[in-house]
Structures are given as C-alpha cells and as structure tokens.
Amino acid sequence: MIATQVRKYAASASVGHGIRQLGVVGAGQMGVGIALVAARTAGVDVILTDKSDLQLSNGLKFMAQLLEKDVKKEKLSTQEAKDILSRIRTATSIEEMSGVDLAIEAVSEHLPTKEKIFSALATHLSPEAILASNTSSISLSKIAAAAIPIGSNEKTATLESASRVVGFHFFNPVPVMKLVELIPALQTSNSVLERSRAFAIAMGKQVTVSTDTPGFVSNRLLMPFINEAIIALESGIASKEDIDLTLQLGMAHPMGPLRLADFIGLDTCLSIQQTLMEETGDTKYRPSVLLGRMVAAGWLGRKSGKGFYDY
C-alpha cells in the first residue's frame, strides 16, 4: 500500500503548498534551522515555540548571527536580514500556533514526548493544518495514531486527523543541507504528501521519499555505518583520526564517521540505533558499548563540547 502511495507521490507534478504560516515546535538546533530557512527561502511567517524562554532567546540570537554573516558576505542586504527576522516570532505554547497551516515538530527522539505534542497539535490547530515530524527514526504511523483531538469520539474525525500527519526529515545543519526526506505514515493522505513536497521545494530543498520503516532510507544506511566505525575504534583496529581519514581520503567523504557522529549528537545516534534494533529485532543494529558509555558520561559530541573530539 505504502509503496503504491510513494510511487503516486513521486509522479506528482508541481502542487501549490498553500502554506502561509508555519509553526515549529522545539527551538533546538534543528527547529531554529527549519524556522530560519522557511522565513528566508520560502518567505512565510513562522511561529517558533518552546517551553524555554532562554532556548527561544538563544535561537533568535543564533539566527541573527547567521544572517549577519551573510550580510557581511554581501549575500543579503541589511534590510533583507531584518525582513527575514521580522517574519519569525516566538511562543511558549502550542495554543499560540492555532492559525498555522503547517506545524513541524523538532524535539528529541522520544515517542511519548512526540505523542503528547501531536495530540496537542490535533486539538489546537485547524483540521486542515498539516502535522509534520522531523523524526529521524520513529514510526510515523505511531505518531499519526496520537494525532487525535482531545475529547474526540468521532471515528471519521480521528481518521482524518491521522491522515494529515507526515514525516518531514531535515538534515543538520538545515540552512546548509539540501535534502528533505518525506515519510508517509500508513494513514497519510496523498494530498498531504503533495503539499509537503511543494513546501519543501519552496524551502529550496530536494526531496526523497521513504516508506515508514525503521530509520527510513537515511539512517537505515548511515547509523550502522557510524556504529561500525565506533566498534572499530572500541576494538582498537585504528585510532579515531585514522578511521576518519581513511573514509575522507579513501572514499571521498567530506567528514569521517566519528566526527560526523559528534556533529549529529551521540545521544541521537544511540537513540536511532536502539530504535533500529527494537523495531527490527535484528542484533546487527546493536549499539556499540562505547557509544552507550559516552552518552552516559554526558559526552554528546559538539553540542556538549566533548565527544570523540574536543570542541
């Protein structure tokens, strides 16, 4: 069923996305990047939400810094940078996003957290709004099943609400990486897929589509590769520098797997590996013992200042 849905989607021509206002849930690195690219490239108004005022403040400062760099490089005028920032406002609750046409959740890879968010989105947003998740590994069908308006008892309303959920997987850093991986849940309607693709293109991205399978295409391939590099280090096969340099110079990778893991976040890598193993039941996805210990130690990579390398 999903394979047919994906083929139909891939064959669709240009479709108007109809997104005038975007809501982003989570003002971490991914959420901030999504908000900035939507305001800058797609030219839409954005509401960036987070429970933390400090996180929102830091996110706005980071966006201003990125835009200022482009002003200095003469990629933008000062007025253009101001106009982009003026299209972004912040909020501390999902209720304040009630008028958005598309909401993209970009919080940590924790299913209960996402389920709570999607229940709130289904309750407070218009029935026509698309509900998207930036998840990199969690089943969209499970997330869609949570998109039930609180107090809803109508079977039809429940099914329609789930049909507007889609995976909208961006890559880090969002302003630089050109790909969006779209993932239809079992419940996702074809019109939601078409509009999502159109909006991703309006954001300047190229689009691929994956079925709702653990890790999708990207992390089904990438995470075992990174995990094997960590096992090679753990086993003493080579130093971290030699492992990374081998892949950079021998396979023309722009970055070695261990440094890439640091940039992704070792906690995120561990979470995805655990999801792959739990969902497939295949022990080939067992996370490296070293990876688990580093996460337990708080060595999460670049964001914590220490991972396989120091930052």
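**Close-up views of a predicted model**

View 1. A nonpolar core here is a set of buried Ala, Val, Leu, Ile, Met, Phe, Trp, Tyr and Cys residues joined through side-chain atoms within 4.5 Å; buried means under 20% relative accessible area, exposed over 50%, and partly exposed in between, with a 1.4 Å probe and protein chains only. Residues are numbered from 1 along each chain as its sequence is written, and side-chain values use heavy atoms, with hydrogens and water left out.

**View 2. The surroundings of Ile34.** Leaving aside neighbours within four places in sequence, Ile34 is in contact (heavy atoms within 4.5 Å) with Leu22, Val24, Ile104, Ala106, Asn134, Phe170, Val174 and Met203.

**View 3. Two aromatic pairs.** The structure holds two such pairs. Rings of Phe, Tyr and Trp (its six-membered ring) pair if their centres lie within 6.5 Å; planes under 30 degrees apart count as stacked, over 60 as edge-to-face and the rest as tilted. With centres 5.3 Å apart and planes at 15 degrees, the rings of Phe168 and Phe170 are therefore stacked. Both Phe168 and Phe170 are buried. The rings of Phe263 and Tyr311 have centres 6.1 Å apart and planes at 85 degrees, so this pair is edge-to-face. Phe263 lies in helix α11 (residues 257-264) and Tyr311 in the segment after α13 (289-296), so the pair ties together parts 48 residues apart in sequence. Phe263 is partly exposed, at 28% relative accessible area, and Tyr311 is partly exposed at 37%.

**View 4. Two charges and the ring of Tyr309.** A charge sits over a ring if NZ of Lys or CZ of Arg is within 6 Å of the ring centre and within 35 degrees of the ring normal. The charged end of Lys240 sits over the Tyr309 ring, 5.0 Å from its centre; Arg259 lies over the face of Tyr309, at 3.8 Å from the ring centre.

**View 5. The packing of helix α11.** Helices (H or I, at least four residues) and strands (E, at least two) are DSSP runs, numbered from the N terminus. The buried residues of α11 are Pro257, Leu258, Ala261 and Asp262. They pack against α9 (218-234), α10 (240-250) and α12 (266-280).

Notes. This is a predicted model: local features need pLDDT of at least 70, side-chain atom pairs count only at pLDDT 80 or more; totals for chains, interfaces and linings use all residues.
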